[in-house]
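My entries follow in the order I looked things up.

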Amino acid sequence: MSAVPSLPSPEAGIGHRSLAWLILAMTSATLPFLFTLPLWMPPLLGGIGVWRWRCERRRQPSPSTLVRMLISGGVIAGLALSGSIGLGLEAAVPLFIAFLWIKLLELRGERDVLMGCYLSCFLAAANLLTDQGVLRTVYAIGTVVIVAAAALHFQIARSATAPAIGQVLRKAGLITLQGAPVAGLLFLLLPRPVVDLPLDRGHATSGLSDRLNPGEIANIALSQDPAFRVTFPDGQPRDAESMYWRGLVLTDTDGSVWTRSSRPDPLTPLPRLPRGQREDPRVEQEITLLPHQRHWLYALDAPAVWPDDVKAYVGVVLFREQPVQNPLSYLVTSRPERRPVEMTAPYRQRTLTLPKVVDPGVIALAGEWRARAAAAGDPGARGIAAAGLAWFGEQGFTYTLEPGVIDGDLVAGFLARKRGFCGHYSATFALLMRLAAVPTRVVIGYRGGEWNEPGGFVLVRQSHAHAWTEIYLDDERRWERIDPTSSVTGIETRRIASEGAQAIDDNAAAADGWRRSLRRARQWWDWVNATWENWMFRYDAGAQQRLRDWLGLGGLDRIGAALAALGSAVLAVVVLALLLRRRQPPRDPARVLYDRWCRRLADAGCPRAPDEGPLAFAQRASVALPARAGEIAAVTTAYVAARYAPQPLGALVALRDAVRGAGSARARG
Amino acid sequence: MPDRQITSRVRLRPSWNSIRLGVVLAAMAMAAINYQSNAAWLLTFLVAGIAGASVPHARRNLLGIEVAATPADAFAGEPIALPVVLRNRGLVSVVAVAPTADVMLAAPTPATTVPASGEAQVTLLLAPRRRGRCRVAGLRATSSFPFGLVDALVRAPETDLIVYPSPIGVTLARDRAPVPVDATGDGQRSGDDFAGHRRHLSGESQRHVDWKAVARGRPMLVKSYTGGGGECRLRWDDAVGDDEGRLSQLARWVLDAESYGWHYGLELPGTSIDPDGGPAHRQRCLRALALQVVT
């Protein structure tokens, strides 16, 4: 008995080229998370990829189970030690990435390769969870195309020679494009479940925090990320430079850091202003706030009318029940003139509270301000503030984002160095005013904004972060905004400084033109982002319902709408199938040529019966048309040869020549 | 061959990979719900859309392919090598296609590419069968192109195999040499003179087939012998054992007699074959043994 022959197993290898494609796809999916991984992980993962690839290339077996388990255990231990394992999706990403790459070591056949591809898609989507910007989305779609190319390459390469890079990418791009209509229909029509899953969403916050720590605000001020966008329904472009965007009010201080009240909030919500009341100038704004994971909202100083789901507290700060985790649009009406408010005794007490330790020099300076105000004939709050600002001006204070590290008492250190930024100015000014017995609080928010010409909105960036103070005027019974930073240094200084290291070359006109076009390009880019976010973020259940109404499907319930969406997607696939079918030549080329020739004979009076074989037909036709017997014999021989030849291409050419020759001979004759 | 355009009927059925992708898509959707990320939804739907678009591609890939198996005779208890031809009538090459059958041996055949208007021949190894006429179950050409989510398949026309009784038993004794047929009787009677390789004939024993060459895609080659003449009758009554044992013994003798170069006849209950020699005769005898009805 002969032994059962051993055929080469198709599972024997993936092929180093296909493996390289898979690694490329995984790299593309992993890359956005590079900086969230522990430092040791990227080199390790890269090493695993290269190692596995070399094994495949040299046709060596992949590492043994023991080695794999050791590596897996090591990676898990390493992740646990570096604190990179946690509950929730974001916290699970490093672990997920580790397993995806370790899986490379035991990659065997089609199933494993495809699983690697699917999981890469998941990773690409995971990158869109917290930031849905244009660039990220485009990148994720690009990753999906590469993943599709990797899967295609594997399928083609295991049955034939490895295809060219361009060929695979083209085909993957084509299938992606063909899948886009299905994706679009599902996106537009499929109702999405609104479920609050008990999954941790992570707490990556951005923007201002609820404390004024001069060091922190300097970091934010260097960021060009957008904070929010504002459109004005009455359409008037405003003087964006002079706008104060109110955020939080800070009342408590330990001498250097200002915070919100640490005590349970005794503040009661303010009553909403009735809509009909239009006694003074108002500014209506629609603000699209990008997610900052906090509860408070920003609005032009000071908001007077706000949405129903927003509560306002003393100090006119707007709060929301839920933190802002998705871009949020809201309408606010603000009134530049401040309304008179009653000052309660506890609140006055709080806005006068001093830190436990105050530098004696600072106390002396507050006394000097009071004296100067009294000398100037205005011993009230307004007079003391004016005296203080004048003092700053005389002392030659300057604005800088890099004041250096201040050791010891922050206020005293700043007063000695005479340079700092809005955080230093506000904190110092507020403390001095309180020392002079004026109720004072610090407000943090943003100042200014960029008017975006193409989009018609004001873009406020993190670099516009600002802090200023408010003092209470007892005689007018209202709070008055005092911005020591701009009063002392002028807003222009602040703006130029915030643009950081951008070289300003006023002399070179060419450089100026280049700068202008750069600014213009940036404006367009801001507009693209704004449009994308408007579209992407605002497309919710309500928008879907409006679309269904427009399509005449408004009456459907959720299940009906889901079925309609799925049905339309299936229909799109069927249409694609029909289109693809047509692209396949339906007939044997030899048969096409032969049929063409048969039609000629039919014209000559000798049609071929549908079930008549070519040889029988040739016999009959030669009798019916004896003059064309030679032609009939030539074409029939060539046709039979082409249909049954082992190498049909040459026979096809012969048939084509025979049919053509017959045609031209007839034309000549 | 009928002169009619054959359009292959492509069937599609979801594979396990589609379940796996479904699970991953569900996970993506969960993440999108949890983070209320429209962009993640968009990507989820794009992957689903690509999966959907791959279905017509899977179908299109196999359009124009035909599967045909040349019926092959084999001995019971030995793997059956079934040559299968994949013919592509289309003008586009067919990618990653492999013939399969329900009764295959462990190793599935590697996928191949069939060029446009061309064909590819693949030898399938089928599991051993019992004696008699049997059908190759589920012979088809399958492909999981492009993404392995659906298996596209084209069925082959039904193919029957004749499986001979396993040639087990006592070797036919040389000294049983009967009357020489060849009048010259030049002594060249032993059939063990090696005469080189020749192509394997359908229905022939596969014992001397060079399997390693087959695995390399070469045709099946067997050793052939020249032999002297002789004539004998192989009788049912001469064989011992139960019915199947007798059939196996007779098959053994047929092979031996053929390899000795004798002329041999077969006498079975209800059937009788006159003495003759050569591959065609051998096949006739073995088929008679394969199809012999025993009570």
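**Entry 1: a helix pair in chain B.** Leu247(B), Leu250(B), Ala251(B), Val254(B) and Glu258(B) in α4(B) meet Arg282(B), Cys285(B), Leu286(B) and Leu289(B) in α5(B). I sorted this contact by class and got seven nonpolar, no polar and two charged residues. The model is a predicted one. Next I checked the geometry. Helix α4 covers residues 243–260 of chain B and helix α5 covers residues 279–291; their axes are 10 Å apart and pack at an angle of about 175°. That angle makes α4(B) roughly antiparallel to α5(B).

**Entry 2: chain B as a whole.** I stepped back from the pair. Chain B has five helices and 16 strands. Of its 295 residues, 48% count as buried. I also looked at contacts between residues at least 6 apart in sequence: in chain B, 71% of them join residues at least 24 apart.

Entry 3: Where is the cis peptide bond? I found it joining Phe145(B) and Pro146(B), with omega about 0°. Pro146(B) sits in the loop between β9 (140–143) and β10 (150–155) of chain B. Then I turned to Ala96(B). Its phi is near 50°, a positive value in a residue other than glycine. Ala96(B) belongs to strand β5, residues 94–100 of chain B. Is Ala96(B) buried or exposed? I noted 25 C-beta neighbours inside 10 Å, so Ala96(B) counts as buried.

Entry 4: I looked for the like in chain A. A cis peptide bond joins Asp301(A) and Ala302(A), with omega about -5°. Ala302(A) is in the loop between β8 (299–300) and β9 (303–305) of chain A. Ala437(A) has a positive phi, near 70°, and is not a glycine. I placed Ala437(A) in the loop between α13 (422–435) and β15 (440–447) of chain A. Ala437(A) counts as exposed because it has 12 C-beta neighbours inside 10 Å.

**Entry 5: helix α7 of chain A.** I still found a kink in α7(A), of about 30°, at Gly179(A).

**Entry 6: a helix pair in chain A.** Here I took helix α20 (residues 614–624) and helix α21 (residues 629–644) of chain A. Their axes come within 9 Å and cross at roughly 175°. α20(A) is therefore roughly antiparallel to α21(A). From α20(A), Pro614(A), Leu615(A), Ala618(A), Ala621(A) and Ser622(A) take part; from α21(A), they meet Ala629(A), Ile632(A), Ala633(A), Thr636(A), Tyr639(A) and Val640(A). The contact of α20(A) with α21(A) holds nine nonpolar, two polar and no charged residues.

**Entry 7: Leu652(A).** My last stop was in helix α22, residues 648–668 of chain A, where Leu652(A) lies. Leu652(A) counts as buried, because 21 C-beta neighbours fall inside 10 Å. What does Leu652(A) contact, leaving aside neighbours within four places in sequence? I listed Pro589(A), Ala590(A) and Ala642(A). Leu652(A) and Trp53(A) are 599 residues apart in sequence, and their C-alpha atoms are 44 Å apart in space.

Definitions and conventions
Residues numbered from 1 in each chain as written. Chains lettered and ligands numbered in written order. Predicted model: local features only at pLDDT ≥ 70, side-chain atom pairs only at ≥ 80, totals over all residues. Bend = angle between axes of the 7 residues up to and from the residue. Helix = DSSP H or I, 4+ residues; strand = E, 2+ residues; numbered from the N terminus. Axes fitted to C-alpha atoms, helices over the stretch in contact; angles between N-to-C directions. Parallel < 35°, antiparallel > 145°, perpendicular 65-115°, else oblique. Contact = placed C-beta atoms within 7 Å. Nonpolar A, V, L, I, M, F, W, Y, C, P; charged D, E, K, R; others polar. Buried ≥ 20, exposed ≤ 12 C-beta atoms within 10 Å, placed from the backbone.
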